[in-house]
Amino acid sequence: MPPKKLKRHVALKLCRAWPITALAIESFAPDLNCFRRGRDFAAWLGLVPKQTSTGGRPRLGKTSKMGQREIRRLLISGAMAVLQAVERFGKPHNGWIISLLERKPRMLVAVALANKMARGLWAMVTKQEDYQNPAMMA
């Protein structure tokens with residue numbers, strides 16, 4: 001498969017419910033292999049908090065919102081849909097979303113989930129792997 005086709009194929013596997021997001025990533029994002037790690041891709045999207053450190057202790061600030069606005073919006077809206085499903089239908093297999101919702105505002109949890117989705121997408125594209133559902137692996 002050519003790289004563009006492979007990129008779209010993997011993106012569609014991750015974003016089965018959101019093919020528009022996969023199409024936006026294919027259209028607007030550069031080749032994901034140019035990012036050294038998933039955090040760099042998430043930072044390019046504007047989903048990573050600013051880091052400052054003092055005395056060797058890193059402190060995370062608010063998200064910069066710099067970067068690709070369209071893809072970031074689509075990932076966050078997809079994460080909000082996941083949160084709505086979790087709140088309606090119960091606990092996911094790895095209850096980190098529920099525990100985070102108990103402690104943090106809903107929008108912050110959505111951005112954290114979008115960040116996780118972006119990192120997962122980067123890993124799948126660069127390693128040329130299919131999505132592996134954690135619930136099915138257990």
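**View 1. Helices α3 and α6 cross with a right-handed crossing.** The model shown here is predicted. Two packed helices are described by the angle between their axes and the distance between the axes. For α3 (residues 38-45) and α6 (residues 106-127), the angle is about 125 degrees and the axes are 8 Å apart. That angle makes α3 oblique to α6.

**View 2. Residues of α3 meet residues of α6.** On the α3 side, the contact is formed by Gly 38, Arg 39, Phe 41, Ala 42 and Leu 45. On the α6 side, Asn 115, Ala 118, Arg 119, Leu 121 and Trp 122 take part. Sorted by class, the contact of α3 with α6 has six nonpolar, two polar and two charged residues.

**View 3. Leu 121 lies in helix α6.** Leu 121 has a relative accessibility of 1%, so this residue counts as buried, the cut-off being under 20%. Leu 121 and Phe 41 are 80 residues apart along the chain, and their C-alpha atoms are separated by 9.5 Å.

**View 4. Helix α4 also packs with α6.** The axes of α4 (residues 69-89) and α6 come within 8 Å and cross at roughly 115 degrees. The crossing of α4 and α6 is right-handed.

**View 5. Residues of α4 meet residues of α6.** From α4, the residues in contact include Leu 75, Ile 76, Ala 79, Met 80 and Glu 87. From α6, they include Arg 106, Met 107, Val 109, Met 117 and Ala 118. By class, 14 nonpolar, one polar and two charged residues make up the contact of α4 with α6.

Key
Residues are numbered from 1 along each chain as its sequence is written. This is a predicted model: local features need pLDDT of at least 70, side-chain atom pairs count only at pLDDT 80 or more; totals for chains, interfaces and linings use all residues. Side-chain values use heavy atoms; hydrogens and water are left out. Axes are lines fitted to C-alpha atoms, for helices over the stretch in contact, and angles run from 0 to 180 degrees between N-to-C directions. Helices (H or I, at least four residues) and strands (E, at least two) are DSSP runs, numbered from the N terminus. Angles under 35 degrees count as roughly parallel, over 145 as roughly antiparallel, 65 to 115 as roughly perpendicular and the rest as oblique. A crossing is left-handed if the near helix is turned anticlockwise from the far one by less than a right angle, and right-handed if clockwise. Contact means heavy atoms within 4.5 Å. Ala, Val, Leu, Ile, Met, Phe, Trp, Tyr, Cys and Pro count as nonpolar, Asp, Glu, Lys and Arg as charged, and the others, Gly among them, as polar. Buried means under 20% relative accessible area, exposed over 50%, partly exposed in between (1.4 Å probe, protein chains only).
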